[in-house]
Amino acid sequence: MSKQTERGSEKQSPVEQAAAFIVDKRKAFYLLYVGLAIFCFIASGWVQVNNDITAYLPDSTETRQGLTIMDTEFTTFGTNDILVDNISYAQAESLAHKMETVQGVKSVAFDDTDDHYKDAAALFSVTYDGETEDSISTDALSSIKDILSGYDVYYTGEVGNAQSDSIASEMQVVMLIAVVIICLVLLFTSHTYMEIPVLLVTFGTAALLNKGTNFLLGEISFISNSVAVVLQLALAIDYAIILCHRYTEERLTQDAREAVISALSKAIPEISGSSLTTLSGLLAMTFMQFRIGYDLGIVLMKSIVLSLLSVFTLMPGLLMSFSSLIDRTHHKSFVPKINVWGRFVYKSRFVMPPIFVVVLIAAFFFSNQCPYVYGSSTLTTYTKNDSQIAQEKVDETFGSTNMLALLVPTGDYEAEGRLARALESMPQIDSVTALSSTEAMDGYMLTDRLTPRQFAELTDLDIEVARLLYSAYAVDQETYGQLVGGLDSYSVPLIDMFLFLHDRMEEGYVTLDNDLTEEMNDLYVQLTDAKLQLKGEHYSRMVLQLNLPEESQETFDFLTTLHQTAARYYTGDVFLVGNSTSDYDLSASFARDNAMISILTIVFVILVLVFTFQSAGLPVLLILVIQGSIWINFSFPYLTQSNLFFLSYLIVSSIQMGANIDYAIVITNRYTQLKTQMPLKEAAIESLNAAFPTIITSGTILATAGTLIGFLSSDTSISSIGICLGRGTILSIALVMGILPQILLLGDVIIEKTAFTLKHKGILQTNTGTLRVNGHVRGYVSGIINADFNGTIIGSLNANVEAGTVQEEGKALPPSPEPPTPELPSPTGEAASREEAAHHA
């Protein structure tokens with residue numbers, strides 16, 4: 001009877017029924033996936049990408065609260081710092097005048113000081129009429145580029161800085177190279193040539209579905225948008241490979257349809273279990289206080305789920321449809337046996353683990369000394385975009401700047417003025433820009449209070465006109481007491497009176513001569529711009545330029561000094577906003593996120609491993625190996641004295657623990673099965689041989705993807721994540737293929753004693769000769785045996801003998817650790833023949 005007939009006569013399990021449905025309805029699934037692919041291709045254009053990493057700061061942080069206030073109450077005009085090198089001062093001055101005439105340019109700051117001209121290099125600070133993303137700003141920048149064409153020019157600033165476009169272009173290159181490498185790896189580890197297109201179609205579809213459904217999240221970060229596709233391919237390609245290999249095995253004895261059904265029904269629980277550890281690591285990321293972890297975790301978890309669905313519902317149909325081509329394109333295995341490595345691992349089992357323990361302790365110490373940073377000012381990348389090159393040129397020639405915004409309650413100009421003067425006296429501050437420190441006319445600041453006579457003298461108004469103007473202002477502000485008490489002592493902030501005068505001029509109540517009218521109109525534009533940028537409904541903004549580095553302990557301490565200084569003049573909430581405060585807030589949240597991620601990742605993974613292996617000790621041994629690779633990975637920044645972006649640790653440690661633990665699971669599964677069938681030495685060697693193709697495929701792809709991202713991305717955070725992920729994966733592979741088998745060999749007693757299914761200790765015998773055995777034998781007996789056995793063995797025994805006894809011929813029978821077993825039937829077949837031969841001997 002054929003296998004197919006036998007299957008048809010047996011009742012199928014629910015998993016087999018589902019597998020049969022997927023295979024038989026494959027054309028319907030094809031149509032479904034084609035429709036989804038078309039929709040997701042269109043929907044991928046709907047995805048909104050947030051390029052501002054500070055948007056993911058917790059709402060409780062000072063930076064996030066301050067940014068919200070600034071977005072609500074203030075206008076921030078777009079700016080660019082433009083450096084023109086190898087130019088004379090006269091040429092630079094001429095260019096400044098030309099740029100000022102460009103439509104959309106509000107102002108161009110340039111003079112002969114070292115801040116703007118130095119070593120034959122000119123630095124122009126251009127401010128536009130619109131905000132950063134406004135077309136009027138980008139159009140003006142385009143006109144400026146036309147003026148400066150032919151010069152040695154470097155552009156910095158937010159306007160025209162298409163960071164997202166640059167990252168997208170870099171990731172396309174990464175993806176292209178990654179696909180080529182993946183094809184080569186799959187060719188090396190595959191059984192047939194045709195399975196490679198099947199794998200690529202499956203994961204190409206899954207990647208498109210994930211990218212297209214990101215619009216459902218509303219908005220995703222530029223980090224998630226950049227690395228999700230590459231990491232999805234690297235993290236989840238195992239699932240397709242497992243199903244493919246299962247199909248190849250089943251196809252040896254079954255026709256195509258039955259082979260696919262059988263392979264899918266066996267692969268579903270295996271793949272689902274494998275995905276749980278990866279999902280656990282990603283789930284832990286979503287608990288980060290810094291919400292970039294939640295954003296990336298959700299996107300990658302969705303990618304894993306969609307990859308599973310594609311493997312379970314699309315790939316079986318492809319295997320069935322292309323089964324004839326798969327059959328005809330078989331090739332010999334290119335994966336070599338690694339017996340030599342296996343024997344080395346076994347021989348060094350008493351040497352390497354102690355060394356690993358020493359390295360583990362040192363790595364724990366070094367990784368805790370890792371020089372984390374929380375901004376990009378001290379980080380470098382292997383690839384640099386035009387904006388980074390320009391910024392380095394500006395910093396090298398004119399020095400770096402560190403700007404802070406100080407938000408104080410509005411309405412008290414006198415307090416603001418005193419605070420501004422106090423700040424200006426501090427050696428750490430180069431300049432303070434505020435309404436109270438901005439000159440209006442003839443040495444008067446915008447917030448200075450002037451009487452009618454002083455205002456008349458300043459503006460050349462008739463004193464009576466000035467008094468009439470002040471009277472109207474008092475009525476408008478409903479300060480009627482000033483009308484009764486006398487106007488001559490009534491003082492009004494200059495900015496308020498100028499704006500009030502302009503309004504009255506527009507309404508026709510006040511008429512000035514042409515020169516004064518033109519001057520007032522120009523002043524009104526300046527005052528309006530200043531008010532939009534520096535005065536809001538509830539807060540006033542003061543812009544500070546520090547001479548401190550963006551990120552240092554000295555800078556962080558000075559932030560406290562600024563708060564204490566502002567508290568002397570204001571009782572309400574005061575906020576500091578800038579790169580330094582953002583770095584400080586991130587450093588404060590890192591300690592919590594680090595502890596949270598580490599604990600949750602280990603707890604989630606342990607729970608999965610406990611249910612997988614039904615053991616309490618085995619998960620600890622596996623996690624010890626992967627956690628060791630994480631500690632070693634993050635020892636490198638300390639040993640090389642190179643700064644590490646904090647986000648790299650949080651994200652990579654989660655992915656490394658969640659994904660790389662699969663390599664340890666593959667080895668352990670093989671070993672626990674084989675050790676009951678052969679001596680421990682052969683079990684360890686064969687486990688490495690059997691797991692090598694899977695680990696080298698998945699590990700090479702993940703390490704390659706991470707390394708490519710690290711070396712080809714110009715974004716500091718993305719590059720740092722890639723470098724750490726690639727290095728961490730290589731370390732995980734090395735420890736899993738070297739140290740883990742040795743730990744399993746040495747820790748076999750711990751594994752057996754902590755197994756949940758352990759009822760009693762079997763009698764582990766390793767003997768050679770003539771043995772009388774009575775009991776259930778499971779293990780290596782000059783071959784393989786797993787049966788109730790009663791007879792004599794001539795040869796080698798390495799097995800657990802359960803509920804029975806083992807006695808060497810001529811020796812007394814040792815006492816049985818279990819109650820006597822029922823009498824077994826007389827041996828038949830091969831066992832009887834061996835017993836009879838032993839008797840005659």
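Trainee: Which residues form a nonpolar patch on the surface?

Mentor: In this predicted model, the nonpolar patch consists of V34, I38, F39, F41, I42 and W46. Together they have about 650 Å² of accessible area. One of them, I42, sits in helix α3, residues 26-43.

Trainee: Where does negative charge gather on the surface?

Mentor: A negative patch brings together E439, D442, D460, D513, D515, E518, E519 and D522.

Trainee: Which helix gives the most to the negative patch?

Mentor: That is helix α22, which spans residues 514-534 and supplies four residues. E518 is in helix α22.

Trainee: How should I read a salt bridge, and how many does a search of the whole structure find?

Mentor: The general idea is that side chains of opposite charge can pair when their charged atoms come close. Here the search finds twelve salt bridges. Among them is the one between the side chains of R257 and D24, at 2.9 Å from N to O.

Trainee: Which parts does the pair of R257 and D24 tie together?

Mentor: R257 belongs to helix α10 (residues 256-285) and D24 to helix α2 (residues 14-24), so the pair ties together parts that are 233 residues apart in sequence.

Trainee: Which residues line the largest cavity?

Mentor: Its lining is made of I597, S598, T601, I602, Q627, I630, Y649, S653, S654 and M657. The elements that give two or more residues to this lining are α24 (579-613), α25 (617-633) and α27 (646-674).

Methods:
Residues are numbered from 1 along each chain as its sequence is written. This is a predicted model: local features need pLDDT of at least 70, side-chain atom pairs count only at pLDDT 80 or more; totals for chains, interfaces and linings use all residues. Side-chain values use heavy atoms; hydrogens and water are left out. Patches are made of residues with over 30% relative accessible area and no salt bridge: like charges are joined within 9 Å, nonpolar side chains (Val, Leu, Ile, Met, Phe, Trp, Tyr) within 5 Å. Accessible areas come from the Shrake-Rupley method with a 1.4 Å probe; for residues, only the protein chains shown count as cover. A salt bridge is a side-chain nitrogen of Lys or Arg within 4 Å of a carboxyl oxygen of Asp or Glu. Lys and Arg count as positive and Asp and Glu as negative; His and the chain ends are not counted. The place of a charge is taken as NZ of Lys, CZ of Arg, CG of Asp or CD of Glu. On a 1 Å grid over the protein atoms alone, a cavity is a set of points where a 1.4 Å probe fits but cannot get out, and a pocket is an open set with protein on both sides within 12 Å along at least five of seven lines; lining residues have an atom within 4 Å of a point.
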